[in-house]
Amino acid sequence: MAEQITLVATAAMGLESLVAREVKALGYEPETENGRVTFKAPISAIPRCNLWLRVADRVKLLVGEFEAKTFDELFEGTKALPWERFIPEDGKFPVTGKSVKSELYSVPDCQAIVKKAIVEKLKLKHGMANRMPENGALHKVEVSILKDKVSLTMDTSGAGLHKRGYRIGQGEAPLKETMAAALVMLTNWKPEAPFIDPFCGSGTIPIEAALIGQNIAPGFNRSFDSENWNWIRNKHWTDAFNEAEDLANYDQELHISGYDIDHKLVDIASENAIEAGLGDLITWKQMQVSDLTLQGEGGYIIGNPPYGERLADSERVQQIYRQLGDVTKGHPTWNVYILTAFSEFEEAYGKEATKKRKLFNGFIETNYYQYFGESE
Ligand SMILES: C[S@@+](CC[C@H](N)C(=O)[O-])C[C@H]1O[C@@H](n2cnc3c(N)ncnc32)[C@H](O)[C@@H]1O
């Protein structure tokens, strides 16, 4: 059997169950605890997870875990782990850290100790007498201590996985790509059904929907730190990219539209979609929500309208929500999914949601209001 490693997929609060679902779909057995999804997998899972996970923030390699209440325990526990297996003689390995509810609360000290322990171990195992050059590939190490339990991980992703590489322009409050993908995956939308984002801004939700609709791996247009790690064979990367190419269904027809009141944003959305390799697959148009008309049955409206954070904006956003309610009223087969932090959304929209789900958009607590169409 191929060598097994332990991977951790991190995700925004509230989205762990979706990440676990994605991990399972890739063929691994996820366990969810403390907001992170952990699973054992062969090394080939590193390229596959980085390429395919749409909702995870990062994929980390778990090097080891142990209890530590003193700096000595932290040093010895770190040194006991097989670092030489993962970091070569010239590897660059900055250490970052965090500590929550633990005896060892000084993060800079913990980082320094972990760094020292890894240096000692590597010099011993690689047989080096002098300073390590650290002029090779980047291997970012993180020490994370939660209630005295130390987890040491290495970041296989590099830039966060929300950085798909297609966003060349953005508006004022763009959604993270990982969150936009989550909003689509929390619905039952199928690529055959009409899809409208009436508040598309820079186009993140329609673009993520199109990637999902054509089964395009979200990481296809970017690189990852672990592509430069010498213990992951190039073949694993080529196999993963070939698999992604094989599974993409570029012939899948889509009926996705993105509208926004601001024509500048509509232009940006269209440019982002081209950068994502979607060409003119998505229909972009400048339009205010009150002018929206719905055609066909069983369509989906998925959007992230303005929230009206400032008191003065409250009347304006209520009017927008009311207009959306008026537009959808005569279309009982349509499904409507709206993410907003505005607590009286349902009153303004004119109907109680079938279901609500609390989600964090960055640090803002929002609700995902879900109205199921009659065909559901
Ligand atoms: C929170 S932003 C959406 C961000 C978007 N999801 C993204 O990722 O870039 C809300 C958008 O609603 C648009 N908007 C505001 N009032 C509108 C209206 N009456 N009709 C349509 N769009 C409107 C704004 O121009 C803005 O782009």
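1. Two strands are taken to pair if DSSP finds at least two bridges between them, where strands (E, at least two residues) and helices (H or I, at least four residues) are DSSP runs, numbered from the N terminus. The model is predicted, with pLDDT of at least 70 needed for local features and 80 or more for side-chain atom pairs to count, while totals for chains, interfaces and linings use all residues. Residues are numbered from 1 along each chain as its sequence is written.

2. On these terms, seven strands form an open sheet with mixed pairing, in the order β2-β3-β1-β4-β7-β6-β5. The edges are taken by β2 (31-33) and β5 (95-100), each of which pairs on one side only. Neighbouring strands of the sheet are turned by 30° against each other on average, direction ignored, with axes being lines fitted to C-alpha atoms, for helices over the stretch in contact, and angles running from 0 to 180 degrees between N-to-C directions.

3. Strand β4 (residues 58-67) pairs in the antiparallel sense with β1 (residues 4-10) over four bridges, and in this pairing Leu 7 has Leu 61 of β4 as its bridge partner. β4 also pairs with β7 in the antiparallel sense, over seven bridges, and here Lys 60 stands opposite Asp 155 in β7.

4. Helix α5 (residues 107-126) lies across β5, β6 and β7, and runs at about 130° to β5; contact here requires that the C-beta atoms of two residues, placed from the backbone, lie within 7 Å.
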